[in-house]
Amino acid sequence: MAWHVVLAAFLTCFSYLLWQILRPLVLKSPLSDIQGPPKKSFLFGNFTQLFNRTGWNFHLDLVKKYGPTSKVHFILGDERLYTIDPLALHHIFVKHQYIYEETPFFLLVNKLQFGTSLLSTLGEHHKKQRKMLNPVFSLKHMRGLLSIFYPVSHQLRDVLARKVRNGENEINVMEWMSRAALEYIGCGGFGHSFDALNESSRNEYGEAVKMLVYVIAVLLETFC
């Protein structure tokens, strides 16, 4: 009986891989007319280039070579639309957000990491959880957090002002906004400061959050 299960699993995996190879020859992809970078590997496509803590140059090259919208290759030959176009992003995330659902892979990875949560559910379950969280993000509740948020904002302002006074030609605003967001969440949501806006301080949790997706990508590439 056991060998039947093993054989069935093997045939399923083999059939899936074969379909991934033959699918581009049989069916035309909706993204086939969009240009993009070549695959780094057959199994992982551009996944480890996209989700890499030190992969900003890859993202910059995408925009320089292919413009604001391009096609990237994902795991097992899947194709994904990569866009930074403001109108497209507004259409996807604001105007028609319930039409563009997350991919099964995205939901599976989030469920393994965070359990059955907002980041890993769709449909009625997702709406139910959002409804439960609505009071937390109500105007009345958010107004009550202003006394917590203002000091964080002032700290961010002081950091950027100090860098300008010191004559720095470039300031990585993305990094500092990410630090501020982490501090907002820590102070406003958990009553704990991660000291994220202190340049001389390294927070273990903050570093772990930054490395999370990159480590997953490396593990996939190493063991799969």
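**Surface patch and salt bridges**

Modeller: Leu 133, Val 136, Phe 137 and Met 142 make a nonpolar surface patch of about 340 Å². Keep in mind that this is a predicted model.

Biologist: Where does Leu 133 sit?

Modeller: Leu 133 belongs to helix 6, which covers residues 123–133.

Biologist: And is Leu 133 buried or partly exposed?

Modeller: Leu 133 counts as partly exposed because its relative accessibility is 34%.

Biologist: Switching to charges. How many salt bridges are there?

Modeller: The count comes to four. One of them pairs Arg 179 with Glu 175, at 3.2 Å from N to O.

Biologist: How are Arg 179 and Glu 175 placed in helix 9?

Modeller: They are four residues apart in helix 9 (residues 173–190), so about one helical turn separates Arg 179 and Glu 175. Arg 179 is buried, with a relative accessible area of 15%. Glu 175 is partly exposed at 32%.

Biologist: What does Lys 163 pair with?

Modeller: Lys 163 forms a salt bridge with Glu 168, and their closest N and O atoms are 3.4 Å apart.

Biologist: Buried or partly exposed, for Lys 163? And for Glu 168?

Modeller: Lys 163 has a relative accessible area of 9%, so Lys 163 is buried; the cut-off is under 20%. Glu 168 is partly exposed, at 37% relative accessibility.

Biologist: Which residue does Asp 158 bridge to?

Modeller: Arg 157. The closest N and O atoms of that salt bridge are 3.2 Å apart. Asp 158 is partly exposed, with 36% relative accessible area.

Terms used: Residues are numbered from 1 along each chain as its sequence is written. This is a predicted model: local features need pLDDT of at least 70, side-chain atom pairs count only at pLDDT 80 or more; totals for chains, interfaces and linings use all residues. Side-chain values use heavy atoms; hydrogens and water are left out. Patches are made of residues with over 30% relative accessible area and no salt bridge: like charges are joined within 9 Å, nonpolar side chains (Val, Leu, Ile, Met, Phe, Trp, Tyr) within 5 Å. Accessible areas come from the Shrake-Rupley method with a 1.4 Å probe; for residues, only the protein chains shown count as cover. A salt bridge is a side-chain nitrogen of Lys or Arg within 4 Å of a carboxyl oxygen of Asp or Glu. Helices (H or I, at least four residues) and strands (E, at least two) are DSSP runs, numbered from the N terminus. Buried means under 20% relative accessible area, exposed over 50%, partly exposed in between (1.4 Å probe, protein chains only).
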